[in-house]
Amino acid sequence: MEVERALKESREAFESGVTRSYSWRMSQLRALKAILIEKEADIFEALKLDLGKHRIEAYRDEVGLMIKSVDNALRNLKKWMAPKKVDLPLLYFPAAGEIVAEPLGVVLIFSTWNFPIGLSFEPLIGAISAGNVVVMKPSELASASSNFLATNLPKYLDNSVKVIEGGPHIGEQLLKHKWDKIFFTGSSRVGRIVMTAAAKHLTPVSLELGGKCPAIIDTLSRARDIEVTINRVAGAKWGLCGGQACIAIDYLLVEEKFAPLLVDRLKAKIKKLYNDPENTARIVHGQHFQRLRDILNDPAVAASVVYGGSSNAEGLLIEPTILLDPPLDSEIMREEIFGPMLPIITLKKIEDSIEFLKARPQPLVIYAFTVDERLKRRIVEETSSGGITFNDAMIQFAADSLPFGGIGESGLGKYHGKYSFDQFSHGKAILRRSFLIEFSFRYPPWSEWKLKLIRYAFRFYYIGILLMFLGLER
Ligand code: NAD
């Protein structure tokens with residue numbers, strides 16, 4: 001009933017036409033920004049309750065990052081909404097072509113628990129910028145954040161967002177209905193369920209999924225780059241929601257001769273930065289905690305632990321853990337880890353990492369720490385992934401000018417910045433002609449000279465008209 005009512009009211013709101021205007025979109029974006037600013041303390045509290053996130057991590061990855069995204073939309077919306085002029089073949093002269101961005105309608109957004117505010121706001125900013133109405137289902141596993149969204153989004157926004165709280169059962173109910181777009185963030189398993197349900201109504205989908213993001217480490221022979229490499233690797237493993245992030249580093253690839261140095265430096269870094277549970281998020285839920293414990297309890301995996309491995313079920317904490325060469329067919333190397341365990345896989349030569357990656361599903365991001373331009377080129381040209389970041393990690397997520405999204409198992413569709421606006425718009429093609437010039441060779445009765453003209457017209461598409469004026473048109 002709640003679902004039906006939300007859908008009906010959202011459809012009415014969209015059909016009233018109010019969401020199409022520039023001023024309405026700007027007012028809703030300003031309201032989103034106001035929530036982030038005025039309710040910062042409540043957001044920090046919700047993220048502490050759900051995930052034990054430190055408020056600085058909460059600001060860096062959610063509040064501050066989303067203020068940046070709203071500001072980018074507020075600054076650029078007029079430009080994004082403006083019709084885009086396109087070139088047309090000379091044959092069409094006189095004519096004009098343009099692409100007009102049309103809102104899709106009522107959009108269903110599923111968000112997830114690891115960045116429960118950020119990953120709700122980021123698609124919301126795109127959907128509202130594009131003039132849509134949104135029904136949002138946050139993750140039930142981050143219940144304080146879900147509750148925050150359900151309380152504040154409708155209060156601040158003008159009937160443009162409805163929040164429906166609940167778990168898979170509510171998700172299934174939502175998927176029975178026809179939406180104009182479904183934007184899903186979550187696992188590949190549920191992504192398949194979403195796509196199957198959407199196919200019934202031919203609803204377009206964006207799937208922001210997960211996967212195993214590798215990091216190739218090729219800088220350990222360069223003394224001056226080691227410290228920065230280790231900082232960035234550790235930050236992208238233990239400093240990002242305790243490893244529970246789609247763009248977290250899942251495992252490392254390194255030449256075997258450098259493995260002892262890598263392990264030593266990572267151990268030292270953990271002791272310095274991530275030993276205090278205050279500085280890392282905890283595991284979201286008992287179920288996920290148990291899943292991670294089970295992975296570590298596999299005897300072959302346990303034997304590969306070279307640091308950490310302890311846990312505290314009451315506090316839902318797992319110690320930052322390093323594993324050296326766990327079996328490649330064990331769960332830790334087959335499935336996305338989504339937790340604070342970091343396997344290191346050793347290779348004879350770092351170039352072998354290319355074949356290693358090609359033999360596995362396409363990840364959301366490939367990270368590579370290297371100054372070897374040939375290796376970089378090979379990674380770009382020979383591997384496939386949502387994106388590649390060289391010599392850093394995570395920061396690509398905050399760059400509005402780069403599309404964010406996966407490929408294959410890691411997702412479908414790109415968003416962030418203008419790409420979000422495009423995700424939630426239909427680019428309608430508009431062609432305007434006049435009655436000034438009319439070519440008879442378009443129509444029967446057919447003759448050899450007409451065929452000749454048509455051949456010329458396609459061959460010299462953009463200069464074809466000149467040939468007409470040179471006497472070929474009768
Ligand atoms: P999940 O797939 O279990 O849940 C995602 C959403 O789907 C939740 O709202 C959940 O309630 C709903 N859901 C679950 N079962 C459903 C069903 N049968 N029918 C309808 N809806 C259902 O994912 P999760 O555990 O919340 O999140 C972790 C996953 O999300 C990881 O795989 C991670 O990599 C991925 N992720 C991807 C991105 C990205 O931007 N690419 C970001 C964060 C997380």
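# Briefing: a predicted two-domain protein chain

The domain assignment, which is automatic or taken from a database, divides the protein chain into domain 1 (2-209 + 415-427) and domain 2 (214-405). This is a predicted model, in which local features need pLDDT of at least 70 and side-chain atom pairs count only at pLDDT 80 or more, while totals for chains, interfaces and linings use all residues. Residues are numbered from 1 along each chain as its sequence is written, and side-chain values use heavy atoms, with hydrogens and water left out.

**The whole chain**

- The protein chain has 18 helices and 18 strands; helices (H or I, at least four residues) and strands (E, at least two) are DSSP runs, numbered from the N terminus.
- Along the principal axes, the C-alpha atoms fill a box of roughly 85 × 55 × 40 Å.
- Of the 474 residues in the protein chain, 53% are buried. Buried means under 20% relative accessible area, exposed means over 50%, and partly exposed lies in between (1.4 Å probe, protein chains only).
- Among contacts (heavy atoms within 4.5 Å) with a separation of 6 or more, 70% are between residues 24 or more positions apart.

**Where the two domains meet**

- The centres of domain 1 and domain 2, taken over C-alpha atoms, are 30 Å apart.
- In domain 1, 26 residues are in contact with 24 residues of domain 2.
- The area buried between the two domains is about 2200 Å², and carbon and sulfur atoms give 55% of it. Buried area is the accessible area (1.4 Å probe) that two parts lose on being put together, summed over both.
- Between domain 1 and domain 2 there are 2 salt bridges. A salt bridge is a side-chain nitrogen of Lys or Arg within 4 Å of a carboxyl oxygen of Asp or Glu.
- The side chains of K48 and E278 form a salt bridge, at 3.6 Å from N to O.
- On the side of domain 1 that touches domain 2, α3 (40-51), α4 (55-81), α5 (118-129) and α16 (417-423) each supply at least two residues. The largest share, 7 residues, comes from α4.
- This side of domain 1 consists of 10 nonpolar, 7 polar and 9 charged residues. Ala, Val, Leu, Ile, Met, Phe, Trp, Tyr, Cys and Pro count as nonpolar, Asp, Glu, Lys and Arg as charged, and the others, Gly among them, as polar.

**Salt bridges**

- The whole structure holds 27 salt bridges.
- R192 and E409 form a salt bridge, with their closest N and O atoms 2.5 Å apart. The pair links distant parts of the chain, 217 residues apart: R192 is in helix α8 (residues 188-200) and E409 is in the loop between β16 and β17.
- R192 is partly exposed at 49% relative accessibility, and E409 is partly exposed at 35%.
- D250 and K212 meet in a salt bridge at 2.6 Å, N to O. D250 is buried, with a relative accessible area of 3%, and K212 is buried with 13%.
- K358 and E355 also form a salt bridge, at 3.7 Å from N to O. They are 3 residues apart in helix α14 (residues 352-358), so about one helical turn separates them.

**Backbone exceptions**

- Most residues other than glycine have a negative phi, and most peptide bonds are trans.
- A cis peptide bond joins F93 and P94, with omega about -5 degrees; P94 is in the loop between β1 (84-86) and β2 (95-103).
- Another cis peptide bond joins P444 and P445, with omega about 5 degrees.
- F338 is not a glycine, yet has a positive phi of about 55 degrees. F338 counts as buried because its relative accessibility is 15%.
- N391, also not a glycine, has a positive phi near 65 degrees and lies in the loop between β16 and β17.

**Two loop residues**

- D392 lies in the loop between β16 (387-390) and β17 (411-412) and is buried at 15% relative accessibility. Beyond its neighbours within four places in sequence, D392 is in contact with R232, Y367 and F369.
- D158 is in the loop between α6 (143-156) and β5 (161-163) and is partly exposed, with a relative accessible area of 47%. Leaving aside neighbours within four places in sequence, D158 is in contact with W24 and Q28.
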